[in-house]
Amino acid sequence: MYLVNEERIKKLTAVLKQLNEGVTEEARREALNIVSNIDPIELSVAEQRLIEQGMNPQELRNLCDIHMEVLSDELIKLKKKIEPGHMLDTLIVEHEKIKEFLTELEAINLKIQKLESYNEKPELFIKLEALANNIIDAEKHHMREEDVLFPELEKRNITGPTRIMRMEHDDLRKRKKILKETAEKISDGNFTECKAVIDETAKYIVFNLRDHIYKENYILYPTALDAINDVSLWAQMKERCDEIGYCPFTPGK
Ligand SMILES: [Fe+2]
Ligand SMILES: [Fe+2]
């Protein structure tokens, strides 16, 4: 049974705050010490709490660097424990595809931001629409997480992280829709306004979806594999995933 230790989260949150106010060697050492000895999920909850308290996610960079030092081996360890075709393996492979889309989105947005008018390069907006559709096509990926993986974690009392992941899915669904709609209407709409919306939305999606994928790959999935210690249950979960279906970009599907 998994329970998040509220006291430890409070202590960690305080250290993280201190760290963000100025990275002194002492604060860094203290944070590294706590981060190395803490459950990754608790760390993730503490990070989330700072964001809820009004901290800009970009400001969590110092912490992220330390966090990444500690977590860098988690994905490698996880991949060694699962076979191709395991539902977590498929989700990880899909994450790689989604990250490729995000790199393309970042590049295309940079090009769009240099334009003065739609007619300069209309083809960029056709590409942007196609990319927005690709990102929206990840819906089946998120459904498999929400309807198959998360409920099994929640049954084991791992509810904080799944709540955060569900919230992020919903938030990103809205932004993806805005991106697609703006790409569709920019030819007839106000170019400057639409361009600004594309810039803000693309940057938001790139940053937050990368961060979301990172948390799942390095924290949530390794936790899931530890918590769900039953090969036949994983096989049943895979069957439920097959029923939900896969994304157009899922390799081998
Ligand atoms: Fe997710
Ligand atoms: Fe995911």
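What follows is a short walk through the helices, cores and chain ends of a predicted model. Because it is predicted, local features are taken only where pLDDT is at least 70 and side-chain atom pairs count only at pLDDT 80 or more, while totals for chains, interfaces and linings use all residues. Residues are numbered from 1 along each chain as its sequence is written, and chains are lettered from A, with ligands numbered from 1, in the order in which they are written.

To start with the overall picture, the protein chain has 11 helices and zero strands. Helices here are DSSP runs of H or I with at least four residues, strands are runs of E with at least two, and both are numbered from the N terminus. Read from that end, the elements go α-α-α-α-α-α-α-α-α-α-α. The chain counts 253 residues, and 27% of them are buried. Buried means that 20 or more other C-beta atoms lie within 10 Å of a residue's own, exposed means 12 or fewer, and partly exposed is in between, with C-beta atoms placed from the backbone. Two residues are in contact if their C-beta atoms, placed from the backbone, lie within 7 Å. Taking contacts between residues at least 6 apart in sequence, 79% join residues at least 24 apart.

Next come the cores. A nonpolar core is a set of buried Ala, Val, Leu, Ile, Met, Phe, Trp, Tyr and Cys residues joined through C-beta atoms within 7 Å. The largest one holds 18 residues, and L128, L131, A132, L179 and A183 have the most contacts inside it. At least two residues of this core come from each of α6 (87-113), α7 (122-136), α9 (160-185) and α10 (191-227). For L131, setting aside neighbours within four places in sequence, the contacts are F101, E104, L105 and I108. There is also a second, separate core of 17 residues, with L153, M165, Y218 and I219 among them.

The pairing of α9 with α10 comes next. Their axes come within 9 Å and cross at roughly 150 degrees; axes are lines fitted to C-alpha atoms, for helices over the stretch in contact, and angles run from 0 to 180 degrees between N-to-C directions. The two helices are therefore roughly antiparallel to each other. That label applies to angles over 145 degrees, with those under 35 roughly parallel, 65 to 115 roughly perpendicular and the rest oblique. The crossing of α9 and α10 is left-handed, a term used if the near helix is turned anticlockwise from the far one by less than a right angle, with clockwise being right-handed. Residues of α9 in this contact include M165, L172 and L179, and those of α10 include V197, I205 and L220. Sorted by class, the contact has 13 nonpolar, four polar and five charged residues. In this sorting, Ala, Val, Leu, Ile, Met, Phe, Trp, Tyr, Cys and Pro count as nonpolar, Asp, Glu, Lys and Arg as charged, and the others, Gly among them, as polar.

Helix α8 (residues 139-155) has partners of its own. The axes of α8 and α9 come within 10 Å and cross at roughly 165 degrees, which makes α8 roughly antiparallel to α9. This crossing is left-handed. On the α8 side the contact is made by H142, E145, E146, F150, L153 and E154, and on the α9 side by T162, M165, R166 and H169. Three of these residues are nonpolar, three polar and four charged. In the loop between α8 and α9 sits N157, which has a positive phi of about 70 degrees although it is not a glycine. N157 is exposed, with 12 other C-beta atoms within 10 Å.

With α6, helix α8 packs at an angle of about 145 degrees, the axes being 10 Å apart. Here too the crossing is left-handed. M87, L91 and E94 in α6 meet H141, R144, E145 and V148 in α8.

Finally, the segment after α11 (231-244) contains C247. This residue is buried, with 20 other C-beta atoms within 10 Å. Not counting residues up to four places away in sequence, C247 touches E94, D137, A138, K140 and H141. From C-alpha to C-alpha, G252 and G85 are 9.7 Å apart in space and 167 residues apart in sequence.
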